[in-house]
Each structure stands twice: as structure tokens, then as C-alpha cells.
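Dear colleague,

Please find the structure below, together with a short account of what was found in it.

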Amino acid sequence: MKRRVRWFPLMISLLLLAGCAAGGQGKQSAEDLALTIQKEFSDMTACTGRFALTADYGERAFECVLDAAYDQVTGGVLTIAEPELVKGVTARFSAGETALAYDGFSLETGPLTDEGISPMEALPTLWRQVSQGYIASVAEKDGVLTVTYRADGQSPGTGLEAAVAFDAESRKPLSGELFWDGVRVAAVDVLEFEMMGAAQENGTGTNENMGGN
């Protein structure tokens, strides 16, 4: 009986230590998760996807569905899939850049910002912010992580800002918005998204289907 009494405090201590260790291995903080996502996008070597784009000019809006493919060596290709009137319009951009070069017909709907960002440039602008932008704020609610990007030291509601929502568990991108001087000028919904990183190319992982649905 005495031996059992001696072991009892030791057992309690071990259980407490185990509980503390489990607690220390909890889920990432919102800030750490945002940094993890940024690293994954920075390490991304290629991706494909389909996106619903809305360019908001205030009194009018332009909406389309874009098919996109990106390779860190050759750059990216954006092709309008809908609406039928402009279907097939294709634009290319270099890796790390957002300026577009059109194949044949271009899409002229007017710039969205004072910097001249066009609707077709909204998607590569969002990609660049996620992979390279300064993380200004992070919020997590109901399983959705929302990350706001703007220039380091830039005041909220001034210049260009980007807000991107991710599934907090899978880290899938769900949607993104671009703002200019506090006014939303473009919104993107992720319909399909598949990315590849160095780990997948080396055979140490599998492609991640990053569809928004």
C-alpha cells in the first residue's frame, strides 16, 4: 500500500508534464500561419487555377472568369474563359512581375488605381502580395484566416492594400480583394487552384488541390 502511495504523486507529475507538452504542440498562431502560407507561396514553382474576377469602378463593374497558369521560370498566362464576348483574350506576365503583355487582342476597361493597375493585373498583384508582401495584420474567425498586406510603414486606408482569405486548416486560398485608398477596386474568388512547390517536384510530397470549394 505504501509503495502505491509513493508512486501516485509521480504518476500525477508525469500526467501534468504530458499535458503541458501536448498544449505546447497546439495549432499555429494566426501570425505564424500567415508566415507559413507566405513561405509556401514564395517556394511555389508552378500553379494552375480558375478565378472569378470582379473589377469595381464604382458606377460600373467588369466581371469575368480567368484560367491561370504560372511557372517561376517561364512566367504566367491568364486566359479569359467567360464571358463569351471576350473569351480567349490572353495575357502573359513575367515571373515576379505584374505588368501584362497581350497575345493579339487586349482588354481595355480602364485602370483600377492611380498606379494604373488593370483588372487583368489584379490576380498577379494578389499573388505577389501573398508571396512577397508585408503582412500588416492578421485575423482568424470561424476557420478563415484573413491576411492584409500593404507596404511597410504605410497607413491603413492609403495606397494599395490587399486582403486575402485562406482556409485556416488546409491553408487553401479562398478569395482576395484589392483596395486603393481604402476603396475596394477588385475582388477575386478562387474556384480552383493547384500549386506545386520544390517538395512536390523532388518527389517528397504531392500536389495540393487548393480549390476554394
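**Salt bridges**

Arginine 150 and glutamate 161 form a salt bridge, their closest N and O atoms lying 2.8 Å apart; the term denotes a side-chain nitrogen of Lys or Arg within 4 Å of a carboxyl oxygen of Asp or Glu. Arginine 150 is in the loop between strand S7 (144–149) and S8, and glutamate 161 is in strand S8, so the pair ties together parts that are 11 residues apart in sequence. Helices (H or I, at least four residues) and strands (E, at least two) are DSSP runs numbered from the N terminus. Both arginine 150 and glutamate 161 are buried, where buried stands for under 20% relative accessible area, exposed for over 50%, and partly exposed for values in between (1.4 Å probe, protein chains only).

Please note that this is a predicted model, in which local features need pLDDT of at least 70 and side-chain atom pairs count only at pLDDT 80 or more, whereas totals for chains, interfaces and linings use all residues. Residues are numbered from 1 along each chain as its sequence is written, and side-chain values use heavy atoms, with hydrogens and water left out.

The whole structure holds 5 salt bridges. Another of them joins arginine 171 to glutamate 40, with 2.8 Å between the closest N and O atoms. This pair links distant parts of the chain, 131 residues apart: arginine 171 is in the loop between strand S8 (160–167) and strand S9 (173–180), and glutamate 40 is in helix H2. Arginine 171 is partly exposed, at 22% relative accessibility.

Aspartate 43 and lysine 39 also form a salt bridge, with the closest N and O atoms 2.6 Å apart. Aspartate 43 is partly exposed, at 36% relative accessible area, while lysine 39 is exposed, at 53%.

**Helix packing**

Helix H2 (residues 30–42) packs against helix H3 (residues 122–132) at an angle of about 120°, and their axes are 7 Å apart. Axes are lines fitted to C-alpha atoms, for helices over the stretch in contact, and angles run from 0 to 180 degrees between N-to-C directions. H2 contributes Ile37, Gln38, Phe41 and Ser42 to the contact, and H3 contributes Gln129, Val130, Ser131 and Gln132; contact means heavy atoms within 4.5 Å.

**Glutamine 72**

Glutamine 72 is located in the loop between strand S2 (61–71) and strand S3 (75–82). Its relative accessibility of 42% makes glutamine 72 partly exposed. Neighbours within four places in sequence aside, glutamine 72 is in contact with Met44, Thr45 and Ala95. From glutamine 72 to threonine 45 the C-alpha distance is 5.2 Å, although the two are 27 residues apart in sequence.

Yours sincerely
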